[in-house]
Amino acid sequence: MLTHGSSRTDAGVHALDATMHVDLTRVSRRTPSLTPNPFEARAVMSAVNHFLRRAGANDARVWACARVCPEKFHARYSATARTYVYRLRVSPAHRPPSVFEKGKVWHVVRDEPLNVDAMREAARHLTGARDFSSFRARGCQAKSAARTVDALDVEVDDALANAFDPESRAWFGERDTDERFSLPEEVLEREETNREETNGGSGVKKKKNFVSCVAITARAPSFLYHQVRLMVATLVAVGAGDMTPADVQELLAKKDVSFAPPMAPACGLYLARVHYDGSRKWDARRGAASDG
């Protein structure tokens with residue numbers, strides 16, 4: 001029995017919505033000469049999840065299952081687009097990601113926010129049909145570096161940045177007297193220090209305690225090997241002031257990945273969605289010529 005996945009991801013990359021297909025043949029043990037009805041999709045999903053739990057694979061689950069025609073559908077070659085999301089936590093070294101986000105975001109160590117406007121301007125140079133030779137890792141087996149990036153969006157979500165941060169006001173707020181006396185002294189001292197570091201009572205902390213969360217979303221029919229992580233690293237370099245949007249244009253023109261910044265780590269990357277709209281036909285008799 002062979003399984004066919006919709007996308008290939010690097011070790012350490014997370015998948016929120018991966019697709020696979022498998023050809024199953026149902027055989028009756030009691031009467032092998034008879035051909036029983038095919039498995040019901042719900043029964044297949046329940047059985048796979050049962051064995052995943054029994055094997056200790058608690059971070060994987062089948063959440064939807066459907067019967068498809070094996071002659072007309074392929075999990076990889078029928079896909080019309082793939083959406084990836086890359087999550088960044090931007091904060092000083094002494095404010096690392098919490099235990100809930102460890103290994104799930106890239107901690108960009110900075111005392112001030114990234115220039116998101118500059119990142120968005122640079123992202124416009126990376127959308128559309130282009131030669132992405134400067135954004136394909138060595139060892140990429142694709143026959144061509146030509147790809148079409150349909151969308152490359154940069155968004156800020158500071159509410160998410162503080163959602164798991166025990167030092168944020170969202171967690172502590174203003175404590176009453178009885179509750180404050182029950183806290184450890186080091187916590188009280190930290191709260192007092194944070195209060196003194198606000199600017200004129202405005203409630204805005206100085207850059208020393210700055211925390212922000214940035215999400216970069218990329219969508220394309222297919223990507224080159226490490227393309228998303230290399231694009232993210234370049235956008236972060238622009239946001240940090242190490243590159244300009246014009247430098248991104250020059251990087252594309254060089255068609256050489258050695259000029260690109262070191263690629264972003266795998267831990268912040270998520271395969272968010274594999275898209276199927278029925279427009280990409282698959283014929284099992286002919287196979288597929290795509291290297292997507």
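## Close-up views of a predicted model

**View 1. Val 22 and the surface around it.** Val 22 sits in strand β3, which spans residues 20–22. The model is predicted, as are the other views described here. With a relative accessible area of 31%, Val 22 is partly exposed. Val 22 belongs to a nonpolar patch on the surface, together with Met 20, Leu 24 and Phe 39. The accessible area of these four residues together is about 330 Å². Since a patch residue must have over 30% relative accessible area, Val 22 passes that cut-off with its 31%.

**View 2. The largest pocket and its lining.** The largest pocket holds about 1900 Å³ of space. Its lining is made up of 49 residues. Nearest the centre of the pocket lie Met 20, His 21, Val 62, Ala 64 and Cys 65. Two or more lining residues come from each of β1 (3–5), β2 (14–15), β3, α1 (41–54) and β10 (269–275). Helix α1 gives eight residues, the largest share of the lining. Sorted by class, the lining of the largest pocket has 32 nonpolar residues, ten polar residues and seven charged residues.

**View 3. Ala 47 and Val 62.** Ala 47 is a residue of helix α1. Its relative accessible area is 34%, so Ala 47 counts as partly exposed. From C-alpha to C-alpha, Ala 47 and Val 62 are 9.8 Å apart in space. In sequence, 15 residues separate Ala 47 from Val 62.

**View 4. The salt bridge of Arg 110 and Glu 112.** The count of salt bridges in the model comes to eight, and the pair of Arg 110 and Glu 112 is one of them. The closest N and O atoms of this pair are 3.4 Å apart. Glu 112 is partly exposed, because its relative accessibility is 36%.

**View 5. The salt bridge of Glu 155 and Arg 120.** The side chains of Glu 155 and Arg 120 form a salt bridge, at 3.7 Å from N to O. Glu 155 has 45% relative accessibility and counts as partly exposed. Arg 120 is also partly exposed, at 31%.

**View 6. The salt bridge of Lys 255 and Asp 131.** Here the side chains of Lys 255 and Asp 131 meet in a salt bridge with an N to O distance of 3.8 Å. Distant parts of the chain are linked by this pair, whose members are 124 residues apart. Lys 255 lies in the loop between α8 (245–254) and β10, whereas Asp 131 lies in strand β6 (residues 128–131). Lys 255 is partly exposed, with 48% relative accessibility. Asp 131 is partly exposed as well, with a relative accessible area of 31%.

**View 7. A network of salt bridges.** Salt bridges link Arg 87, Arg 89 and Glu 101 in a network.

How values were computed
Residues numbered from 1 in each chain as written. Predicted model: local features only at pLDDT ≥ 70, side-chain atom pairs only at ≥ 80, totals over all residues. Heavy atoms only, no water. Patch = residues over 30% accessible without salt bridge, like charges linked within 9 Å, V, L, I, M, F, W, Y side chains within 5 Å. Areas by Shrake-Rupley, 256 points an atom, 1.4 Å probe, with all protein chains shown as cover. Helix = DSSP H or I, 4+ residues; strand = E, 2+ residues; numbered from the N terminus. Buried < 20%, exposed > 50% of the residue type's maximum accessible area, 1.4 Å probe, protein only. 1 Å grid on protein atoms, 1.4 Å probe; cavity = no way out; pocket = protein on both sides within 12 Å on 5 of 7 lines; lining within 4 Å. Points joined across faces, edges and corners; volume = space filled by probe spheres on them. Nonpolar A, V, L, I, M, F, W, Y, C, P; charged D, E, K, R; others polar.
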